Protein chains: 2
Amino acid sequence: MRKYVFGVDIGGTTVKMGLFEADGNLLDKWEIPTRTENGGEAILPDVAGSIQKKMEEKGIERADIIGVGIGAPGPIDGDGVVHVAVNLGWGVFNINETLSKLLDGMQVKAGNDANVAALGEMWKGGGQGYKNMVAVTLGTGVGGGIINNGEILSGAVGAGGEIGHIHVEDAETESCNCKNKGCLEQYASATGIVRLAKRKLAESSEESVLRKGKISAKTVFDAVKAGDQVACQIAEQFGYYLGKGLAAVAGVVNPEAFVIGGGVSKAGEVIFKYIKPYYEEYVFHAGRDAEFKLAMLGNDAGIYGAAKMVLD
Amino acid sequence: MRKYVFGVDIGGTTVKMGLFEADGNLLDKWEIPTRTENGGEAILPDVAGSIQKKMEEKGIERADIIGVGIGAPGPIDGDGVVHVAVNLGWGVFNINETLSKLLDGMQVKAGNDANVAALGEMWKGGGQGYKNMVAVTLGTGVGGGIINNGEILSGAVGAGGEIGHIHVEDAETESCNCKNKGCLEQYASATGIVRLAKRKLAESSEESVLRKGKISAKTVFDAVKAGDQVACQIAEQFGYYLGKGLAAVAGVVNPEAFVIGGGVSKAGEVIFKYIKPYYEEYVFHAGRDAEFKLAMLGNDAGIYGAAKMVLD
């Protein structure tokens with residue numbers, strides 16, 4: 001008898017959903033809108049309805065479903081209790097119990113979306129083969145997830161792996177979104193790279209292709225690949241802060257590998273050339289051999305990791 | 001039938017040993033010398049012999065022993081494999097299997113000593129009631145152990161919690177023992193506090209009781225308690241670096257509590273007054289509520305944690 005599992009990744013505007021076989025084979029994926037009005041009260045009923053519809057469509061019986069895994073943006077502890085998820089309108093309640101009731105007692109496991117995505121990358125993505133890894137997401141912000149001995153490290157309130165706000169620069173004068181100054185996110189996110197680029201261009205008059213058109217993490221790394229010297233100096237700064245920050249992370253959890261994803265990672269392995277020298281300079285010797293890998297699952301990491309949660 | 005467990009803490013000069021009941025009641029503790037000659041080949045046979053002797057002495061049967069837990073100074077992975085322990089003369093081998101064979105198949109579990117001591121503090125010391133905590137040892141160096149969801153976080157090679165070499169100061173000119181510059185250990189260990197004190201006394205001519213006699217972490221904090229202004233400035237620097245370093249740790253593992261032990265912690269809760277303001281300044285908001293507690297088990301933390309390992 002084939003067994004199935006659903007992986008659900010709740011975002012602020014859409015819910016990504018996947019139907020998997022127990023070996024991780026993705027059979028189907030689809031999206032539904034996230035209805036955040038009225039404290040997000042419709043979100044879980046919508047998810048339950050969509051799961052039931054998919055079961056009917058595919059002729060899958062209740063007994064053949066192992067369970068439903070869920071990632072959601074917010075602090076979620078190891079028991080599935082969310083502690084206020086602003087983007088969804090949610091307060092404090094137990095996701096596992098709530099969704100399980102809507103699905104006739106089906107097994108449900110929920111976790112923080114970044115942590116769940118990290119588990120997905122370990123299972124079927126760039127972290128395959130590692131049991132101790134750190135997933136780093138370089139997007140609008142810097143997020144992350146820690147996998148310890150094959151399992152998600154949630155921490156006290158699900159904020160394990162929230163590495164974007166590690167302090168890496170004493171001399172910073174601008175504030176981060178979190179109100180502190182000198183957070184990793186201010187230098188290593190897509191937004192942070194643009195900020196570094198603008199500063200660099202303002203403080204020198206050196207020629208650069210970046211002086212024409214809109215600056216983004218992509219245009220910076222495209223310029224790096226084309227040999228633009230100013231872009232290379234910006235990448236050097238990015239690598240300095242990220243390497244130093246990840247060295248601190250290694251000093252805490254001693255991972256076998258870092259798996260780097262998010263928009264900035266689309267530049268490819270060229271980013272490692274800038275990160276690794278600084279990582280190696282700052283890391284304690286026991287962490288020096290950690291591998292650097294690119295994430296592979298993109299936006300599907302969340303549904304993969306969610307599915308994996310109920311298979312463990 | 002009462003069940004028993006042995007907790008063993010191997011140090012560079014002595015092996016501490018404890019006989020516990022399964023509920024954690026310590027029945028007896030004793031020490032044997034650590035014989036490190038010939039690659040430390042006698043250490044585990046000595047431990048096995050001492051355990052068998054104690055069983056005879058107490059009239060305890062083999063069937064009443066749940067197992068033996070061991071902490072040892074070195075990188076030890078989750079399977080009990082040590083990857084070179086310089087202080088003991090050990091190379092690479094499986095401690096669990098080796099000692100189990102010497103004890104007629106008894107269950108053995110080994111881990112890094114700092115991590116094992118952290119587990120001890122969670123079980124019967126300053127970390128009671130917490131499942132996610134970080135033990136910080138401020139001794140000659142700065143060590144630590146991470147407890148995640150009630151279990152030791154070993155990391156790739158058992159170096160999880162080796163937080164002493166997190167980089168916290170860019171402007172440092174002297175090298176740490178690890179050869180990097182600006183490591184947490186250079187400011188927050190007993191040795192580091194003496195270094196900070198000597199610098200501070202050299203750069204000012206302000207009166208201080210510290211100008212007479214030998215400087216140690218103890219004399220510095222005794223002077224703080226007596227209201228010595230120079231000592232308070234030194235404590236402020238200590239608190240700045242440790243608070244900032246622990247904020248980075250919180251950004252990775254999001255603990256419920258920090259449990260501070262080692263010689264420096266003998267100064268008592270006064271150290272928290274200097275650590276907490278900087279911790280709160282640098283930590284991400286999700287980590288702001290972490291508690292600060294003093295370790296309670298002193299040198300017995302290792303045998304308690306070792307015993308706890310085989311009870312899980």
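Reader: What makes B:Glu21 buried?

Author: In this predicted model, B:Glu21 has a relative accessible area of 11%. The cut-off for buried is under 20%, so B:Glu21 is called buried.

Reader: How do you know that B:Glu21 forms a salt bridge with B:Arg2?

Author: The closest N and O atoms of B:Glu21 and B:Arg2 are 2.2 Å apart. The rule asks for a side-chain nitrogen of Lys or Arg within 4 Å of a carboxyl oxygen of Asp or Glu, so the pair counts as a salt bridge. B:Glu21 lies in strand β2 of chain B and B:Arg2 in the segment before β1, 19 residues apart, and the pair links distant parts of the chain.

Reader: Why is the contact of B:Asp300 and B:Lys29 called a salt bridge?

Author: Their side chains meet at 2.6 Å, N to O. The limit is 4 Å, so the name applies. B:Asp300 sits in the loop between β12 (291-294) and α10 (301-311) of chain B, while B:Lys29 is in strand β3 of chain B, 271 residues apart.

Reader: What makes B:Asp300 buried and B:Lys29 partly exposed?

Author: B:Asp300 has a relative accessible area of 18%, and buried means under 20%. B:Lys29 has 46%. Exposed means over 50%, with partly exposed in between, so B:Lys29 is partly exposed.

Reader: How do you know that A:Asp28 and A:Lys58 meet in a salt bridge?

Author: The N to O distance is 3.7 Å, and the limit is 4 Å, so the pair qualifies. A:Asp28 belongs to strand β3 (residues 26-33) of chain A and A:Lys58 to helix α2 (residues 43-58) of chain A, 30 residues apart. A:Asp28 is buried at 17% relative accessible area, whereas A:Lys58 is partly exposed at 40%.

Reader: What makes a network of A:Asp28, A:Lys54, A:Glu57 and A:Lys58?

Author: These residues are joined into one network by salt bridges that share partners. Over all chains, the count by this rule comes to 26 salt bridges.

Reader: How do you know which strands are the edge strands of the open sheet in chain B?

Author: The sheet has five strands in the order β3-β2-β1-β4-β7, with mixed pairing. β3 (26-33) and β7 (108-112) each pair on one side only, and they are the edge strands. Direction ignored, neighbouring strands of this sheet are turned by 15° against each other on average.

Reader: What makes β1 and β4 of chain B a pair?

Author: Six bridges join strand β1 (residues 4-10) to strand β4 (residues 65-72), and the two run parallel. Pairing needs at least two bridges, so β1 and β4 of chain B are paired. In this pairing, B:Val5 stands opposite B:Gly67.

Reader: How do you know that helices pack on the sheet?

Author: Helix α2 (residues 43-58) of chain B touches β1, β2 (14-21), β3 and β4, and its direction makes about 140° with that of β3(B). Helix α4 (residues 113-124) of chain B touches β1, β4 and β7, at about 105° to the direction of β7(B). Touching here means heavy atoms within 4.5 Å.

Reader: What makes B:Ile43 buried?

Author: B:Ile43, in helix α2 of chain B, has a relative accessible area of 1%, and the cut-off is under 20%. Leaving aside neighbours within four places in sequence, its contacts are B:Ile10, B:Thr34, B:Arg35, B:Thr36, B:Leu88 and B:Trp90.

Reader: Why is helix α10 of chain A called mostly covered?

Author: Ten of its eleven residues are buried. Among them are A:Ile303, A:Tyr304 and A:Lys308.

Reader: What makes β5(B) and β6(B) a hairpin?

Author: Strands β5 (residues 81-85) and β6 (residues 90-94) of chain B pair in the antiparallel sense over four bridges, with four residues between them. B:His83 has B:Val92 as its bridge partner. In the turn, B:Gly89 has a positive phi of about 80°.

Reader: How do you know that the copies are related as by a two-fold rotation axis?

Author: A rotation of 180° with 0.0 Å of shift along its axis superposes chain A on chain B, with RMSD 0.0 Å. The copies are therefore related as by a two-fold axis. They also meet through the same surface, because 100% of the interface residues of chain A are interface residues in chain B too.

Methods
Residues numbered from 1 in each chain as written. Chains lettered and ligands numbered in written order. Predicted model: local features only at pLDDT ≥ 70, side-chain atom pairs only at ≥ 80, totals over all residues. Heavy atoms only, no water. Axes fitted to C-alpha atoms, helices over the stretch in contact; angles between N-to-C directions. Least-squares fit on C-alpha atoms with pLDDT ≥ 70 in both. Buried < 20%, exposed > 50% of the residue type's maximum accessible area, 1.4 Å probe, protein only.
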